[in-house]
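Please look at the sequence and the three-dimensional model together while reading this report. Each section takes up one topic and can be followed on the structure itself.

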Amino acid sequence: MSQTRRSFLATAAATGAVTVLPYAARAAAHQADTFQTGSDEVTVHPVSHASFVMETSAGVIYADPVGGAAEYAELPPPDLILITHEHGDHYDADTLAGIVGEATRIIANPAVYAMLPAELQDRAEEIGNGGETSFGDVSIEAVPAYNTTDGRLNFHPEGRDNGYVLNFDDFRVYISGDTEDIPEMRALEDIDLAFLCMNLPYTMDAEQAASAVQEFTPTYVYPYHYRGQDGGTQNPADFAQLAGDATDVKTGEWYAPGELG
């Protein structure tokens, strides 16, 4: 990278390239964020739970779109769709069929690729953990996402599901998918923007997620996918406090009022 993540943060804040507000203020604002990179702009639109849209100069990228095409009616159509794994809050064939255009590409882990209807599989590419591909000038790495805790290993077995790292020249984006606090995540380097899951029993809690970001220190992080079961919903404000100054925590309108109980 041409500059460190910390110098990038200082420069972006000084020039107004991205709005940096305290967590509570951002939570109330529910705004999209635009991140100015050396040669690109990346604008993030949270949609719901694990689904979001990024507008970039390379094209519009959807991550794990579910919930029906109507959820995306006010957003630009996708040029690229990334799918991390097969669970219904990450993969829905009907939603995909309703949003793809003639030139939309799909990148998925091998398990999802095998499930895709033929008309979607024709426009799809499968990559597994450690695989790489590209989208225009953006290089894409598939990174591991899995459970490590006894009793949870069947949720996301090692080797099946993907996270993704997207390289926009000098700006790196990490999409965790569903994972626990794994060594491969802690070993990530030079991540400028991370989307980090946290819910129980399926992934990790806020404390584990905060511990991880203290090690791989993304410049910005969105806590997402934090609705859980049986008391497993995580509070992103707790995560922000635990993360401290290791990262700048962003928020989004991931859930409708009352959806978290």
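## Backbone angles and a cis bond

D190 lies in the loop between α6 (183–186) and β12, where helices (H or I, at least four residues) and strands (E, at least two) are DSSP runs numbered from the N terminus. D190 has a positive phi of about 55° although it is not a glycine, and with a relative accessible area of 34% it is partly exposed; in this report buried means under 20% relative accessible area, exposed over 50%, and partly exposed in between, with a 1.4 Å probe and protein chains only. The model is a predicted one, in which local features need pLDDT of at least 70 and side-chain atom pairs count only at pLDDT 80 or more, while totals for chains, interfaces and linings use all residues. Residues are numbered from 1 along each chain as its sequence is written, and side-chain values use heavy atoms, with hydrogens and water left out.

T217, in the loop between α7 and β13 (220–224), is not a glycine either, yet it has a positive phi of about 40°. T217 counts as buried, at 18% relative accessibility. In the loop between β12 (193–197) and α7 (206–216) sits P201, and the peptide bond that joins L200 to P201 is cis, with omega about 10°.

## The open sheet

Strands of a sheet pair through backbone hydrogen bonds, either parallel or antiparallel. Here seven strands form an open sheet with mixed pairing, in the order β8-β9-β10-β11-β12-β13-β14, and two strands are taken as paired if DSSP finds at least two bridges between them. The strands β8 and β14 (248–249) stand at the edges and have a single partner strand each, so one side of each is left without a neighbour in the sheet. Helix α8 (residues 236–243) packs on the sheet and touches β12, β13 and β14, contact meaning heavy atoms within 4.5 Å. The direction of α8 makes about 150° with that of β13; axes are lines fitted to C-alpha atoms, for helices over the stretch in contact, and angles run from 0 to 180 degrees between N-to-C directions.

In a regular strand the side chains alternate between the two faces of the sheet. Strand β8 (residues 132–135) has T133 and F135 on a covered face, and E132 and S134 on an uncovered one. Four bridges join β8 to the antiparallel strand β9 (residues 138–145), and T133 stands opposite I140 in β9. Two residues lie between the strands in this hairpin, where G136 takes a positive phi near 60°.

## Nonpolar cores and a buried aspartate

Which residues have the most contacts inside the largest nonpolar core? They are L166, Y174, F195 and F239, in a core of 54 residues, where a nonpolar core is a set of buried Ala, Val, Leu, Ile, Met, Phe, Trp, Tyr and Cys residues joined through side-chain atoms within 4.5 Å. Helix α7 gives the most to this core, with six residues. Apart from it lies another core, of 18 residues, including V60, L75, V112 and A124.

D33, in strand β1 (residues 33–36), is buried with a relative accessible area of 2%. The side chain of D33 makes a polar contact with the side chain of Y222 at 2.5 Å; a polar contact is a pair of N or O atoms within 3.5 Å, where within protein one must be able to donate a hydrogen and the other to accept it, and residues adjacent in sequence count only if both atoms are side-chain atoms.
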